[in-house]
Amino acid sequence: MGAVRKVVSYLGLSGVDHYDEGYDDDEHYEDEYVPATERAARRWRANVDSSRIVMVQPLKYNDAPLIGQHFREGQTVIMDVSGMAMPEATRMVDFAAGLAFGCEGRIERIADRVFLLAPAHVEIETT
C-alpha cells in the first residue's frame, strides 16, 4: 500500500459511496422539452393592455428600474431623456437598448433625445 493510499484510508476518504438512486423530486420536472424561445415568450407575455403607452421623463439614472418595470409588464414606453445630462442620458439609452434586446423588444429614436421602447408583441410601422 502506497503512502498516499494510507493517508486517504486514514482520513476515511477511500470508501466513497456511490449513489445510484434518483432524486425524490424527479416527478416535478416536465417530461416535455420546451424551446428557450417559447419559455421566454411565456415569461414576457403581456399581462396588461397593450394599447397603453407610458411616458417617462427620467431625471437621473436611478429612474431606470421604473422604465424596466413598465417595459417588462408589456407596456410601450416613451422615454424622454432631454432633462438629463449627456453622460447620464447615454447610460440610460444604453440601459434601454439592453432591456429591449433582452426582452426581445425594440427601441426606436422618435425625436431628439426621445426614444420608443416597444415590447415584442407591439408592431411599429414607420412611413
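User: Before we start, what do buried, exposed and partly exposed stand for here?

Analyst: They go by relative accessible area, with a 1.4 Å probe and protein chains only: under 20% is buried, over 50% is exposed, and in between is partly exposed. This is a predicted model, where local features need pLDDT of at least 70, side-chain atom pairs count only at pLDDT 80 or more, and totals for chains, interfaces and linings use all residues. Residues are numbered from 1 along each chain as its sequence is written, and side-chain values use heavy atoms, leaving out hydrogens and water. Take Lys-60: at 42% it's partly exposed.

User: Which residue does Lys-60 meet in a salt bridge?

Analyst: A salt bridge here is a side-chain nitrogen of Lys or Arg within 4 Å of a carboxyl oxygen of Asp or Glu. For Lys-60 the N to O distance is 3.9 Å.

User: How far apart are the closest N and O atoms of Glu-108 and Arg-106?

Analyst: Glu-108 is partly exposed at 25%, and Arg-106 is partly exposed at 36%. They form a salt bridge, and the gap is 2.5 Å.

User: Where do the buried residues of α4 sit around the helix axis?

Analyst: Helices are DSSP runs (H or I, at least four residues), numbered from the N terminus. The buried ones in α4 are Ala-89, Met-92, Val-93, Ala-96, Leu-99 and Ala-100. Going by directions from the axis to the C-beta atoms, they fall within an arc of 120°, so they line one face of the helix.

Technical notes:
Helices (H or I, at least four residues) and strands (E, at least two) are DSSP runs, numbered from the N terminus.
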